[in-house]
Amino acid sequence: MKRLISVGLAAGLAVMAVLAGCSNAPEKIRIGEVTRSLFYAPQYVALEKGFFKEAGLEVELSTIPGGDKVMSALLSDGIEVALVGSETSIYVSQQGAADPVVNFAQLTQTDGTFLVARKKEDNFSFDQLKGSVFLGQRKGGMPQMAGEYVLKKHNINPQSDLQLIQNIEFKNIAASFASGTGEYVQLFEPEASRFEQEGIGHVVASFGKESGTVPYTVYMTKQSYLDSNAAAIQKFTNAVYKGQQWVASHSPKETADVIGKYFESIKPDILENAVKRYLDQGSYATDPILEEAEWNQLQDIMDKAGELKQRADYAKLVNTTFAKAAKEGK
């Protein structure tokens, strides 16, 4: 009998040890980013500096091209967190989703594109776009909506005042311009800096500066996941905030050095210049809080582009609890 008790006790202790080991195992969160972009530098810094790991998280990052595909992965539980433009959460809401997609941590706070001209123009004016061939971004996406918003702000009708090309896939836009399509193009970094270095084009304006502060790229998840995994989301947001603060307090070169492995095909000096350009115009959010004024500006841009059926409720689609707690060090 004593032997049976002893054996039973040993087995029980073994089970408890296994359970204890499981409880200390890092929680896993799968992120789906809409593209691989140095616009997301704070995220890569958080990964490389081990901020997610320090928070007790195992993060798996995958790139899923296209906002619609990212949302499909999120809604079908292929990922837990999406990194994509806030407009996608509004599109899902407009379709009557029973389980809303909620924005909980902002990563970038301006548009990330630049107006690149084929010829160098020292005294550029937006009026010079009239009658030109303009290679824009995909219709319905935030880059294109921000671009149209800026053009209209300067009294340019994108549909009638210039020849607007927007049927080229995002990944092929830079190559298309380099091969001779268009007199102007709307580009992200590092392509803008690379084109300047190679003499292919010249940056004449920033759509980010022109369109104002918006929740351009945000971490979001389903309301149901948020409700049942609040502790993990808080850890995640804390790590993101540490990444944002690191980028804000270090030189462009230091940031470029840390994130270089994610952009092996980009020359270090171009990477550094691109990071500096985003830092200088405040594109990287320094904290993850998505303010209501930014949310309203986003919807104004969508409305002017004809992509907003009705105004989306900030209180329903944005949760700043985790971002505020991260900033407060909780």
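This is a predicted model: local features need pLDDT of at least 70, side-chain atom pairs count only at pLDDT 80 or more; totals for chains, interfaces and linings use all residues.

Modeller: In soluble globular proteins, nonpolar side chains tend to be buried together. Here the largest nonpolar core has 100 residues, and Leu 115, Leu 129, Tyr 219, Phe 236 and Ile 259 have the most contacts inside it. Helix H11 (residues 230–249) gives the largest share of this core, seven residues.

Colleague: What does Phe 236 touch, leaving out residues up to four places away in sequence?

Modeller: Its contacts are Ile 29, Ile 31, Phe 52, Leu 57, Val 81, Phe 104 and Tyr 219.

Colleague: How do I read an aromatic pair, such as the rings of Phe 52 and Phe 236?

Modeller: Planes under 30 degrees apart count as stacked, over 60 as edge-to-face and the rest as tilted. The planes of Phe 52 and Phe 236 stand at 40 degrees, so this pair is tilted; the ring centres are 5.1 Å apart. Phe 52 belongs to helix H3 (residues 51–54) and Phe 236 to helix H11, 184 residues apart. Both Phe 52 and Phe 236 are buried.

Colleague: Which kind of pair do Phe 170 and Phe 188 form?

Modeller: That pair is edge-to-face, with 70 degrees between the planes and 5.8 Å centre to centre. Phe 170 lies in the loop between S7 and helix H7 (173–178), and Phe 188 in strand S8, so the pair ties together parts 18 residues apart in sequence.

Colleague: Are these two buried or exposed?

Modeller: Phe 170 counts as partly exposed, at 43% relative accessibility, while Phe 188 is buried, with a relative accessible area of 12%.

Note on methods. Residues are numbered from 1 along each chain as its sequence is written. Side-chain values use heavy atoms; hydrogens and water are left out. A nonpolar core is a set of buried Ala, Val, Leu, Ile, Met, Phe, Trp, Tyr and Cys residues joined through side-chain atoms within 4.5 Å. Buried means under 20% relative accessible area, exposed over 50%, partly exposed in between (1.4 Å probe, protein chains only). Helices (H or I, at least four residues) and strands (E, at least two) are DSSP runs, numbered from the N terminus. Contact means heavy atoms within 4.5 Å. Rings of Phe, Tyr and Trp (its six-membered ring) pair if their centres lie within 6.5 Å; planes under 30 degrees apart count as stacked, over 60 as edge-to-face and the rest as tilted.
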